[in-house]
Amino acid sequence: MRLRWDGGRDLGLRSSRAAARGAAVAALILTSSANAGTAIVQFGGNLVFGPTSQLTLEIGVPIAGSGYDQLQAAGDVGLGGALVLVPSVPFEPTLGATYTVLTCAASSGEFASVAGVQQSGGLDLALRYTDDAVVIEVRQRGDVDGDGQLTASDTAIVQAAASAGLATSDYGAGDVDGSGQVDSSDMTIVADAVAGAAPVPALSPAAQLALAGGLLGILFARRARAFTGGLS
Ligand SMILES: [Ca+2]
Ligand SMILES: [Ca+2]
């Protein structure tokens, strides 16, 4: 991982526990070379990612430090600039896996864009923001609301956000391609995903036969009881 301060002077980090105590910076550019090794980087102060900054994080096994890059700031973090997600090699995204890539006292703002969202197998690295963290979650492409299903609910969120011209890089708010804007591109991706989602499987002929047989059995049993009751 490598830090470059706004003045252009580089600060190399070789330890997974590097602390810039008390750092309250107006603009900090932080980059991590692809496949340079994952790490946890800690800051004692505040961080502000300027509009031209780029934060590149390696994503692999969902274990902070040894499996993916994680930033920990003791102070507040102002988010901005570009976030680039780089899968480690080899990387096999697992549905539902989560990566807390940034923790802080309080976060504000958002990354202007996110690169590396789409992965193989129809899976996405979905970005979401909390009050004190940035989390990446592996979801089915188009599962905007994160309920594990591709339905009209996902389509509705994107349509509403696109109509409002929402500028966000939050996957759950509808920016499924990481462009920083919810628009027709996101609508197309989600609509295609929902349309291609496997429908609820219909019963096979054999299952239908078994079900019918079971119902007939119940019917005969009831009639038999009624008949017996009539005799007694
Ligand atoms: Ca969904
Ligand atoms: Ca978008």
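Leaving aside its neighbours within four places in sequence, which residues is Ile136 in contact with? They are Ile59, Leu85, Thr98, Tyr99, Val101, Leu125, Ala126 and Leu127. The model is a predicted one.

**The core**

Ile136 belongs to the largest nonpolar core, which has 40 residues. Within this core, the residues with the most contacts are Ile59, Leu85, Val101 and Ile136. Strand 13 (residues 123-129) gives the most to the core, with four residues.

Five strands form an open sheet in the order 4-7-10-14-13, and the pairing is mixed. Strand 4 (40-43) and strand 13 stand at the edges. Each has a single partner strand, so one side of each is left without a neighbour in the sheet. From one strand to the next, the twist averages 25°.

Strands of a sheet pair through backbone hydrogen bonds, either parallel or antiparallel.

| Strand pair | Sense | Bridges |
|---|---|---|
| Strand 13 and strand 14 (residues 133-140) | antiparallel | seven bridges |
| Strand 6 and strand 9 (residues 82-87) | parallel | six bridges |
| Strand 9 and strand 12 (residues 113-115) | parallel | three bridges |

Single residues mark these pairings. Leu127 has Ile136 of strand 14 as its bridge partner. Leu127 is also one of the residues in contact with Ile136. Leu57 has Leu85 of strand 9 as its bridge partner. Val84 stands opposite Ala115 in strand 12.

**Thr56**

Thr56 is found in strand 6 (residues 54-59). Is Thr56 buried or exposed? Thr56 counts as buried, because 20 C-beta neighbours lie inside 10 Å. Thr56 and Leu85 are 29 residues apart in sequence. In space, their C-alpha atoms are 5.9 Å apart. Leu85 is also among the core residues with the most contacts.

**The helix pair**

Two packed helices are described by the angle between their axes and the distance between the axes. Here the axes of helix 1 (residues 152-163) and helix 2 (residues 184-196) come within 9 Å and cross at roughly 170°. That angle makes helix 1 roughly antiparallel to helix 2. Helix 1 makes the contact through Ala152, Asp154, Thr155, Val158, Gln159 and Ala162. Helix 2 contributes Ser184, Asp186, Met187, Val190, Ala191 and Val194. What is the make-up of this contact in nonpolar, polar and charged residues? Seven are nonpolar, three are polar and two are charged.

Key
Residues numbered from 1 in each chain as written. Chains lettered and ligands numbered in written order. Predicted model: local features only at pLDDT ≥ 70, side-chain atom pairs only at ≥ 80, totals over all residues. Axes fitted to C-alpha atoms, helices over the stretch in contact; angles between N-to-C directions. Helix = DSSP H or I, 4+ residues; strand = E, 2+ residues; numbered from the N terminus. Parallel < 35°, antiparallel > 145°, perpendicular 65-115°, else oblique. Contact = placed C-beta atoms within 7 Å. Nonpolar A, V, L, I, M, F, W, Y, C, P; charged D, E, K, R; others polar. Buried ≥ 20, exposed ≤ 12 C-beta atoms within 10 Å, placed from the backbone. Core = buried A, V, L, I, M, F, W, Y, C linked by C-beta atoms within 7 Å. Pairing = 2+ DSSP bridges.
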